[in-house]
Amino acid sequence: MLLKRTISQLDIGYVPAQHAQKMGHLGYVQWLGALKGHQSYRDAALHAYRSAQPFAAGSPAIAVFCELLLLSIETPLAQLDLKLPVPARRGGAKARRAAL
C-alpha cells in the first residue's frame with residue numbers, strides 16, 4: 001500500500017524544520033493522489049493519521065504529514081497552504097559530463 005511507503009519515505013529522523021515542511025507536504029500530496037475515488041476521505045485520513053502518528057515523535061516530516069491530515073478533516077473546511085518545492089536546475093548534461 002502506498003501509505004506504508006509514504007510513511008517510510010518520511011521517516012528519516014531529524015531534518016531541519018524547513019526541509020521537514022517540504023517533505024511533509026510532498027508526502028501528503030503523494031498520499032492524496034493515491035486515494036481511490038470511492039473511498040471516504042475522512043476514513044482514509046484518519047487511518048493514515050493513526051498509522052503515521054507513532055512515528056511523529058522521531059520524525060519532523062511525519063509530524064507535518066500528521067498535522068496536514070488533521071487540518072484536512074477539520075470542519076469547517078479550509079484551504080490548506082501546501083508549499084511544493086520550487087523547481088531547480090541540477091546541472092543537466094553539463095554536470096554529468098563534468099562528473100566523468
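## A buried residue in a loop

V15 is placed in the loop that lies between α1 and α2. The structure described here is a predicted model. Is V15 buried or exposed? The residue has a relative accessibility of 8% and therefore counts as buried, since the cut-off for a buried residue is under 20%.

Which residues does V15 touch, once its neighbours within four places in sequence are left aside? Its contacts are then A20 and P60. A further comparison concerns V15 and Y28: the two residues are separated by 13 positions in sequence, and their C-alpha atoms lie 17 Å apart in space.

## Helices and overall form

The protein contains five helices and zero strands. Read from the N terminus, the order of its elements is therefore written α-α-α-α-α, with each element defined as a DSSP run and numbered from that end.

The radius of gyration of the protein is 16 Å, whereas a compact globule of 100 residues would have a value near 13 Å. Along the principal axes, the C-alpha atoms occupy a box of roughly 50 × 30 × 25 Å.

## The largest nonpolar core

In soluble globular proteins, nonpolar side chains tend to be buried together. The largest nonpolar core of this model has 19 residues, and the members that touch the most other members are W31, I62, F65 and L69. Two or more residues of this core are given by each of α1 (2-10), α2 (17-33), α3 (41-52) and α4 (60-73). Which element supplies the largest share of the core? That element is α4, from which eight residues come.

With its neighbours within four places in sequence set aside, W31 is in contact with L3, T6, Y41, A44, A45, A48, F65 and L69. Two of these partners, F65 and L69, are named together with W31 among the core members that touch the most others.

## Surface and charge

How much of the protein is buried? Of its 100 residues, 28% are buried. The accessible surface amounts to about 7,100 Å², and carbon and sulfur atoms account for 58% of this area.

The protein carries 12 positive and 5 negative side chains.

Conventions: Residues are numbered from 1 along each chain as its sequence is written. This is a predicted model: local features need pLDDT of at least 70, side-chain atom pairs count only at pLDDT 80 or more; totals for chains, interfaces and linings use all residues. Side-chain values use heavy atoms; hydrogens and water are left out. A nonpolar core is a set of buried Ala, Val, Leu, Ile, Met, Phe, Trp, Tyr and Cys residues joined through side-chain atoms within 4.5 Å. Buried means under 20% relative accessible area, exposed over 50%, partly exposed in between (1.4 Å probe, protein chains only). Helices (H or I, at least four residues) and strands (E, at least two) are DSSP runs, numbered from the N terminus. Contact means heavy atoms within 4.5 Å. The radius of gyration is taken over C-alpha atoms; the globule rule is 2.2 Å times the number of residues to the power 0.38. Accessible areas come from the Shrake-Rupley method with a 1.4 Å probe; for residues, only the protein chains shown count as cover. Lys and Arg count as positive and Asp and Glu as negative; His and the chain ends are not counted. The place of a charge is taken as NZ of Lys, CZ of Arg, CG of Asp or CD of Glu.
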